[in-house]
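The sequence and structure come first, followed by the description.

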Amino acid sequence: MQELLSKTSPASTECLLYFLRNFRPNGGPSPAYEAILLEFLDRVDRRIVKRTGGIERERRTEIRQDLQLWFIDMIAAGNDVLDVFEFAFSLAIKGKVIDAIRRYRSRDAVEV
């Protein structure tokens with residue numbers, strides 16, 4: 001557990017997601033669970049930043065917030081959609097970011 005909580009964790013992002021989905025604390029909040037969640041969200045954020053480099057700053061921030069909230073909601077709901085992310089996180093997050101970019105670009109096109 002200490003290795004999972006360290007900043008240079010050898011655990012993959014898929015492994016962190018597995019722990020978040022399958023080892024939820026019973027009862028109240030758990031500092032270890034919260035630390036794993038923060039590390040996972042930090043990794044998600046880093047992946048999103050890499051994928052949204054050529055987008056204007058406001059949209060990049062909106063995409064980051066939307067996807068982080070989506071992950072929090074899916075983890076809390078115990079949704080099976082996250083099975084794909086446990087299997088191939090890089091490919092799945094790439095698709096999710098592309099979908100978000102398209103959604104925001106279509107909104108911008110409608111506004112124009």
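## Helix contacts and confidence

In this predicted model, helix α3 meets helix α4 through Tyr 33, Leu 37, Phe 40, Leu 41, Val 44, Asp 45, Ile 48 and Val 49, and the residues facing them in α4 are Ile 63, Arg 64, Leu 67, Gln 68, Phe 71, Ile 72 and Ile 75. By class, this contact has 12 nonpolar, 1 polar and 2 charged residues. The axes of α3 and α4 lie 10 Å apart, and the two helices pack at an angle of about 145°. Their crossing is right-handed.

Ala 32 also belongs to helix α3. Between the C-alpha atoms of Ala 32 and Arg 43 the separation is 17 Å, and the two residues are 11 apart along the chain.

In helix α2 (residues 13-22), the buried residues are Thr 13, Leu 16, Leu 17, Leu 20 and Arg 21. Viewed down the axis of α2, these residues fall within an arc of 130°, so they line one face of the helix. An α-helix has 3.6 residues a turn, so residues three or four places apart point the same way.

For the protein, the mean pLDDT is 83, and 90% of its residues reach 70 or more. Where pLDDT is low, the predicted coordinates should not be read in detail.

How values were computed: Residues are numbered from 1 along each chain as its sequence is written. This is a predicted model: local features need pLDDT of at least 70, side-chain atom pairs count only at pLDDT 80 or more; totals for chains, interfaces and linings use all residues. Side-chain values use heavy atoms; hydrogens and water are left out. pLDDT is the predictor's confidence in each residue, from 0 to 100. Buried means under 20% relative accessible area, exposed over 50%, partly exposed in between (1.4 Å probe, protein chains only). Helices (H or I, at least four residues) and strands (E, at least two) are DSSP runs, numbered from the N terminus. The arc is that of the directions from the helix axis to the C-beta atoms. Axes are lines fitted to C-alpha atoms, for helices over the stretch in contact, and angles run from 0 to 180 degrees between N-to-C directions. A crossing is left-handed if the near helix is turned anticlockwise from the far one by less than a right angle, and right-handed if clockwise. Contact means heavy atoms within 4.5 Å. Ala, Val, Leu, Ile, Met, Phe, Trp, Tyr, Cys and Pro count as nonpolar, Asp, Glu, Lys and Arg as charged, and the others, Gly among them, as polar.
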